[in-house]
Amino acid sequence: MVFPWMADGDYAELSGLGMKSLAQALADKKDWGSLYDETKMKLAFGNTKASAAVYYDDMYVDFDACMKVVKRGGPLEKCKVWITNDYQHSGLRDDGANIFVKLLGMAKGSVGTPS
């Protein structure tokens, strides 16, 4: 993910390489195709047990897009979701073992879904 403002701050050294104009072109683009195919997702994940951690303020993953996929009638509606801000995008790196145990337990049904 890249934002136009990044070329003026942390990544200013890349401005001369066209980063700012590239970031602006990506930000201005309006004709993006679908991110995923709901029908194929439903077929692929059918009766699979799944759980996921979704972070409210994840800088890289849009919260509303996650909720659209797991809502009732969505392609991953059977996925058990832990909605949290206890961690950020780096949750698995920061506390991977505890997060994995919680998500595995949620998927198996031995740990309650907190959200």
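1. Contact here means heavy atoms within 4.5 Å. On that basis, glutamate 77 touches Val69, Val70, Lys71 and Arg72, leaving aside residues up to four places away in sequence. The model is a predicted one: local features need pLDDT of at least 70, side-chain atom pairs count only at pLDDT 80 or more, and totals for chains, interfaces and linings use all residues. Residues are numbered from 1 along each chain as its sequence is written, and side-chain values use heavy atoms, with hydrogens and water left out.

2. Glutamate 77 sits in the loop between α3 and β2. Helices (H or I, at least four residues) and strands (E, at least two) are DSSP runs, numbered from the N terminus. Its side chain reaches the backbone nitrogen of glycine 73 at 2.9 Å. That is a polar contact: a pair of N or O atoms within 3.5 Å, where within protein one must be able to donate a hydrogen and the other to accept it, and residues adjacent in sequence count only if both atoms are side-chain atoms. Glutamate 77 is partly exposed, because its relative accessible area is 40%. The scale is: buried under 20%, exposed over 50%, partly exposed in between (1.4 Å probe, protein chains only). Aspartate 95 is 18 residues from glutamate 77 along the chain, with 26 Å between their C-alpha atoms.

3. Which residues form the largest nonpolar core? There are seven: Met41, Val54, Val69, Val70, Leu76, Cys79 and Val81. A nonpolar core is a set of buried Ala, Val, Leu, Ile, Met, Phe, Trp, Tyr and Cys residues joined through side-chain atoms within 4.5 Å. Another core, of six residues, lies apart from it; Tyr55, Trp82, Ile99 and Leu103 are among them. Valine 70 touches Leu76, Glu77, Cys79 and Val81, not counting residues up to four places away in sequence. In soluble globular proteins, nonpolar side chains tend to be buried together.

4. Threonine 84 belongs to strand β2 (residues 80–84). Is this residue buried or exposed? Threonine 84 has a relative accessible area of 4%, so it is buried. It touches Val54, Tyr55 and Tyr56, again not counting residues up to four places away in sequence. The side chain of threonine 84 also reaches the backbone nitrogen of aspartate 86, at 2.8 Å.

5. The surface carries a nonpolar patch of Trp5, Met59, Tyr60 and Val61, with about 420 Å² of accessible area together. Patches are made of residues with over 30% relative accessible area and no salt bridge: like charges are joined within 9 Å, nonpolar side chains (Val, Leu, Ile, Met, Phe, Trp, Tyr) within 5 Å. Areas come from the Shrake-Rupley method with a 1.4 Å probe; for residues, only the protein chains shown count as cover.

6. Tyrosine 60 lies in the loop between β1 (51–55) and α3 (63–70). It is partly exposed, at 45% relative accessibility. Valine 61 is in the loop between β1 and α3 and is partly exposed at 34%. Valine 61 touches Cys66 and His89, not counting residues up to four places away in sequence. Its C-alpha atom is 8.0 Å from that of histidine 89, 28 residues apart along the chain.

7. How many salt bridges does a search of the whole structure find? The search finds one. Lysine 29 pairs with aspartate 31, the closest N and O atoms being 2.7 Å apart. The criterion is a side-chain nitrogen of Lys or Arg within 4 Å of a carboxyl oxygen of Asp or Glu. Lysine 29 is partly exposed at 32%, whereas aspartate 31 is exposed at 59%.
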